[in-house]
Amino acid sequence: MSTTGATADPLAALGGLPGVAESVESVRKAVDRVYGHRIMRRRSPEITSEAALRGARGSAALSGADWALEEVRRRTDFGGDDEARVMGAALRLTAEAGQLLSIWRQSPLRVLARLHLVAAASDDDRVGRPRQAGEDADEPLVELPLPGAAEVSGRLEGLADLIIQGSSAPALVTAAVVHGELLALRPFTSHNGLVARTAERIVLIGSGLDPKAICPAEVGHAELGRAAYLAALDGYVSGTPEGMAAWIAHCGRAVELGARESTAVCEALQRGAA
């Protein structure tokens, strides 16, 4: 996303794209429904905990570790094969997200560096900083041309400026742009998809749209499937109004599906089945 141009608030301008207002309103209604469930008054910490687990599972599935929920719940060792390490990274990121909310608006680049450190869990000197010239990004899901280090640096700074300055844009729009920009740039040498989806989560929580973290968009992204995810990302990368609106709508649908998932958890708890 270009952060230069005539408008002082490019994120707010995206909110005026055709169909975006409808997506924003649909998301708000879905979130309000789950927050209004009567089980939330008594057992919201359980819903939050379950949403975190399911969100991590969904994010890991998009990064190649598509495990059954019960397998994630059962396992304690996530250091074995590649899939186990991906799942472990997703779980660590979900746990870390809530600790970084207060820092995000002041220093988003610091938060992104921390997320990469948490995901990679390695002392490799490439961890926790953007890619440098000549370094590749290991993100097999995304096959788009990889931006060079100079472009990554400039666009990350532009994204950080937008977040620090603040915007009147709806939370969904900001979250979608953060997610799309990070996925398009793949600024780190690894774990970019996991980091991008965690950053989306941070925006949705920190904005006040989902303050208790009970509407995991990662669940929805996984349910919609890799093909739809990548097709929507193509729209974001195109930079066209239609493409940007389609990506925002896709992210909105993912949040709605996350809300639906937690509504089902509420219903199960109410029945005494979970």
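Helices here are DSSP runs of at least four residues, numbered from the N terminus. In this predicted model, Arg126 lies in the loop between α7 (108–120) and α8 (149–165). With a relative accessible area of 37%, Arg126 is partly exposed, because that class covers values between the 20% limit for buried and the 50% limit for exposed. Setting aside neighbours within four places in sequence, Arg126 is in contact with His116, Glu135 and Thr189. Ala171 is 45 residues from Arg126 in sequence, and their C-alpha atoms are 31 Å apart in space.

The aromatic rings are the next topic. A pair of aromatic rings is described by the distance of the centres and the angle of the planes. Across the whole structure, a search finds three aromatic pairs. One of them is formed by Trp67 and Phe78, which are stacked, with 6.2 Å centre to centre and 25° between the planes. This pair links distant parts of the chain: Trp67 is in the loop between α3 (40–62) and α4 (69–74), while Phe78, 11 residues apart from it, is in the loop between α4 and α5 (82–97). Both Trp67 and Phe78 are buried.

Another pair, Tyr229 and Trp247, is tilted, at 6.1 Å centre to centre and 50° between the planes. Tyr229 belongs to helix α12 (residues 226–238) and Trp247 to helix α13 (residues 241–271), so the pair ties together parts 18 residues apart in sequence. Tyr229 has 0% relative accessibility and therefore counts as buried. Trp247 is buried too, with a relative accessible area of 0%. Ring pairs also bring in Tyr236, linking Tyr229, Tyr236 and Trp247 into a cluster.

How values were computed:
Residues numbered from 1 in each chain as written. Predicted model: local features only at pLDDT ≥ 70, side-chain atom pairs only at ≥ 80, totals over all residues. Heavy atoms only, no water. Phe/Tyr/Trp six-rings, centres within 6.5 Å; stacked < 30°, edge-to-face > 60°. Helix = DSSP H or I, 4+ residues; strand = E, 2+ residues; numbered from the N terminus. Buried < 20%, exposed > 50% of the residue type's maximum accessible area, 1.4 Å probe, protein only. Contact = heavy atoms within 4.5 Å.
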